Amino acid sequence: MDAAEFRKRGKEMVDYVADYLEKIDKRQVFPDVEPGYLRPLIADCAPQEPESFEDIFKDIEKIIMPGVTHWHSPYFFAYFPAASSFPALLADMLCGGIGCVGFSWAASPACTELETVMLDWLGKMINLPQEFLAGKDGQGGGVIQGSASEATLISLLAARTKTIRRVQSEKPELTEAEIMGRLVAYASDQAHSSVERAALIGAVKIKNVPSDDTFSVCGSALKKVLDEDKAAGLIPFFFCATLGTTPCCSFDKLLELGPICNKENIWMHIDAAYAGSAFICPEFRHLLNGVEFADSFNFNPHKWLLVNFDCSAMWDTLAFEPQSSHITP
C-alpha cells in the first residue's frame with residue numbers, strides 16, 4: 001500500500017466507521033455466537049500471498065462484526081460506560097501515523113511534554129491539590145496508564161520499595177526478604193479484584209477491610225485491622241481506597257482513612273476508576289475531599305470523558321523518590 005492507496009482506503013475506513021456509529025442502534029448488542037466461532041472462519045496460518053484490501057474489508061462484516069459486542073450501542077448496559085468520540089478517533093489516527101515511542105523525553109519531547117501538560121489540565125479540572133501537579137517546577141505530576149489495574153500495581157510496587165528502604169534504614173539487621181514476608185496491603189471488601197491481583201504480583205499479603213452498611217470503609221475499621229496486624233509483628237504499608245466501587249459505586253471515607261494512613265506511614269492510593277470523571281462537576285467534587293492525604297490517585301477518562309480506551313490517568317505526589325539501591329520496584 002502506497003500513500004495514494006492509503007488516502008483512498010483511509011477515506012473508505014472513515015466512512016465505514018462513521019456509518020457504523022450512526023447506525024449502531026440497529027445492530028444486536030450482544031453477538032449470537034459460541035466460543036471458538038472465529039477459528040473455522042479464517043485460515044490456520046498466515047497467507048503466503050497477500051489478499052486485496054477489498055477482500056479484507058469484506059471480512060469486517062462477514063467475520064468480525066458477528067462476534068462484536070457493541071459497547072457504544074445505546075442499548076448496552078453492562079460493565080461500565082465506554083467512551084468514544086469522533087475527535088478521539090481522529091487523534092488516535094494521528095498518534096498511529098506519527099508512531100513515536102515516548103518512553104523518555106529524548107525519545108519524543110512533544111509526546112512527553114504534552115502528556116504532562118494535559119494531565120495537569122485534567123488534574124486542575126477535578127481540583128487536585130497542587131502537590132499532584134507538575135506545573136513548571138512541581139514535584140508531582142500525572143502519567144497515562146493503560147488501566148486502573150496498572151495504576152494500582154504501580155502504586156503498590158512503589159509503596160513496597162519505599163517501605164523496604166525505610167525499614168532497612170531503621171532496622172539494618174533485617175534482610176529485604178524478611179521485610180517482604182511481613183508486609184501487608186489493605187483494601188475494602190468491595191474493592192476491585194485488580195487490587196488483590198496487584199498484591200499477588202507484588203508478592204505481598206493483602207487483607208480486606210470490612211465495609212459498613214453503606215459498603216464504605218471507615219477509619220475505625222481500618223484502625224482495628226492495623227492494630228491487630230502490628231501486634232502480630234506485620235508491617236502495614238499500603239491501603240487502596242475506592243471511590244465508586246464496582247459492585248455498587250460506594251465511596252470509602254477518605255477524611256477518616258487518610259490521617260490514619262499518614263500517621264502509620266502507609267501509602268494511600270485512591271482508585272476512582274469509575275467515578276472519578278464526575279469530580280469535574282462542582283456539585284460532586286466534595287466526594288473527593290480527603291485526596292490531600294493520598295500518595296497517588298487514579299481515574300479512567302476512557303469511561304466517561306469521550307476518550308478511547310485505553311486512557312487511565314494516574315497522579316502521585318512523588319512521595320517515593322528513587323535512590324541508589326539494589327532494591328527495585
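Me: What should I keep in mind about the numbering and the model?
Reply: Residues are numbered from 1 along each chain as its sequence is written, and side-chain values use heavy atoms, with hydrogens and water left out. Because the model is predicted, local features need pLDDT of at least 70 and side-chain atom pairs count only at pLDDT 80 or more, while totals for chains, interfaces and linings use all residues.

Me: How do you know how many helices and strands the protein has?
Reply: Helices are DSSP runs of H or I with at least four residues, and strands are runs of E with at least two, numbered from the N terminus; by that rule the secondary structure comes to 10 helices and seven strands.

Me: Why is α8 called roughly parallel to α9?
Reply: Helix α8 (residues 219–231) and helix α9 (residues 254–263) pack at an angle of about 30°, with their axes 8 Å apart. Axes are lines fitted to C-alpha atoms, for helices over the stretch in contact, and angles run from 0 to 180 degrees between N-to-C directions. Angles under 35 degrees count as roughly parallel, over 145 as roughly antiparallel, 65 to 115 as roughly perpendicular and the rest as oblique, so α8 is roughly parallel to α9.

Me: What makes the contact between α8 and α9?
Reply: Contact means heavy atoms within 4.5 Å, and here G219, L222, K223 and L226 of α8 meet E256, L257, I260 and C261 of α9.

Me: What makes M65 buried?
Reply: M65, which is also in the loop between α2 and α3, has 13% relative accessibility and so counts as buried. Leaving aside neighbours within four places in sequence, M65 is in contact with Y16, Y20, R27, I60 and H70. M65 and P31 are 34 residues apart in sequence, yet 8.4 Å apart in space, C-alpha to C-alpha.

Me: How do you know whether G276 is buried or exposed?
Reply: The relative accessibility of G276 is 0%, and therefore G276 counts as buried. Its place is in the loop between β5 (267–271) and β6 (296–299), and G276 touches I126 and F299, again not counting residues up to four places away in sequence.

Me: Why is N265 called partly exposed?
Reply: N265 has a relative accessible area of 44%, so it is partly exposed. N265 lies in the loop between α9 and β5, and its phi is near 60°, a positive value in a residue other than glycine.

Me: What makes the backbone at L306 and at D310 worth a look?
Reply: Most residues other than glycine have a negative phi, and most peptide bonds are trans. Phi of L306 is near 60°, a positive value in a residue other than glycine, and a cis peptide bond, with omega about 5°, joins F309 and D310. L306 is in the loop between α10 and β7, and D310 is found in the loop between α10 (301–304) and β7 (312–316).

Notes. Buried means under 20% relative accessible area, exposed over 50%, partly exposed in between (1.4 Å probe, protein chains only).
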